[in-house]
Amino acid sequence: MSFGFLALNSNNDVLISSDTKNLHFLQKRTSPTTVAFTSNDYGGMRRFIYSFSNINTVPVPFFSVPTADYYAISRVEDKGSNNWDIEIIRTGTSSSTPEVYLFAPPTAGSPSGNYGMVVFSADGSSSFDSRLKPLAITGGASVSHPSNPRTSFSSTGLNAKYCPTNASTTFAPTEYNSYTISGQPSKPIFSFFSLAQAEREVIVSENEYECDGAEVYGNCAGASRTYYWTSKYWAFYRGGIRWSNGNLRAGWVVVEKGCNWTYYKDSEFLGIGTGGDSGSGGNWPYSNETINTTANSVIVANGASYD
């Protein structure tokens, strides 16, 4: 830079620069505005919506981790008129909910007080303002998610007839990658956007044969019917992180589940086809694949500094 202000730490990392917009604390929500979805199946499924207003730019969310579950930011939605919704996904069955903190460049805030330091960029807008509680990062990591959400997917116990079975034990996630981030505060907050996605499905089929008359040499001497059922159970996963005393895990969160079934009946009389019947129902699955498992950033800050 040929002019302006630049502050570095002992590792030559940039702390403050007039060429970049530093993030500053805006608002905090201690509980969700809406619980969008909740289920205790599939390892626990939670989706929380936190609504914020009077924010004139795209905010950067951080969340606390009150339980030993997997969390992630799955959506930052502009609702118009400076209103924003932040969606947090989580595993587990606890009633505890995370707190959400929003940060943005200083131009989005309203500073108070007459003392402090303001750094302006070349266009005259502020890039740093000490009166607005600047974001102080305490740690971070680059994480990736395992290619499979669990070690195996079994059809044991699943019923092929019209998707009647709860497939929780089939799809509950078990796999993760571990990382260590030492020296973090007692109340860490995290910015982590869920990018990794996976879908897994298990197909079970069954058929039954009925004959109204006697069987002669393996053929039905009368009316007969053959029934065919197929159920395709599936779960859709998003990447999340779990924190416990310096140990960070990158694992999976089930965010959608479903099952699609098909039915077909083939009728005959004395070996001559007399027509059939068919039907289908349930929810179609996504593509059976894993995507976006490349390295993703986790940023850590001290939540107590913004309470």
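R90 is buried, and D69 is buried too, where buried means under 20% relative accessible area, exposed means over 50%, and partly exposed lies in between (1.4 Å probe, protein chains only). These two residues also form a salt bridge, with their closest N and O atoms 3.8 Å apart; the term stands for a side-chain nitrogen of Lys or Arg within 4 Å of a carboxyl oxygen of Asp or Glu. This is a predicted model, in which local features need pLDDT of at least 70 and side-chain atom pairs count only at pLDDT 80 or more, while totals for chains, interfaces and linings use all residues. Residues are numbered from 1 along each chain as its sequence is written, and side-chain values use heavy atoms, with hydrogens and water left out.

**The R90 and D69 pair**
- The salt bridge between R90 and D69 links distant parts of the chain, 21 residues apart.
- You will find R90 in strand β8 (residues 83–90), and D69 in the loop between β6 (60–64) and β7 (71–80).

**Salt bridges around R225**
- R225 counts as buried, at 16% relative accessibility.
- E210 forms a salt bridge with R225, the closest N and O atoms being 3.1 Å apart.
- E210 belongs to strand β15 (residues 197–211) and R225 to strand β18 (residues 223–244), so this pair ties together parts that are 15 residues apart in sequence.
- E210 is partly exposed, its relative accessible area being 32%.
- The side chain of D212 also meets that of R225 in a salt bridge, at 2.7 Å from N to O.
- That pair links distant parts of the chain, 13 residues apart, with D212 in the loop between β15 and β16 (215–216) and R225 in strand β18.
- D212 counts as exposed, at 54% relative accessibility.

**Salt bridges across the structure**
- The structure holds 16 salt bridges.
- A network of salt bridges links R47, R75, E77, K79, D85, E87 and E256.

**The protein as a whole**
- Of the 307 residues in the protein, 43% are buried.
- Among contacts (heavy atoms within 4.5 Å) with a separation of 6 or more, 71% are between residues 24 or more positions apart.
- The accessible surface comes to about 15,100 Å², and 46% of it belongs to carbon and sulfur atoms; accessible areas come from the Shrake-Rupley method with a 1.4 Å probe, and for residues only the protein chains shown count as cover.

Definitions and conventions:
Helix = DSSP H or I, 4+ residues; strand = E, 2+ residues; numbered from the N terminus.
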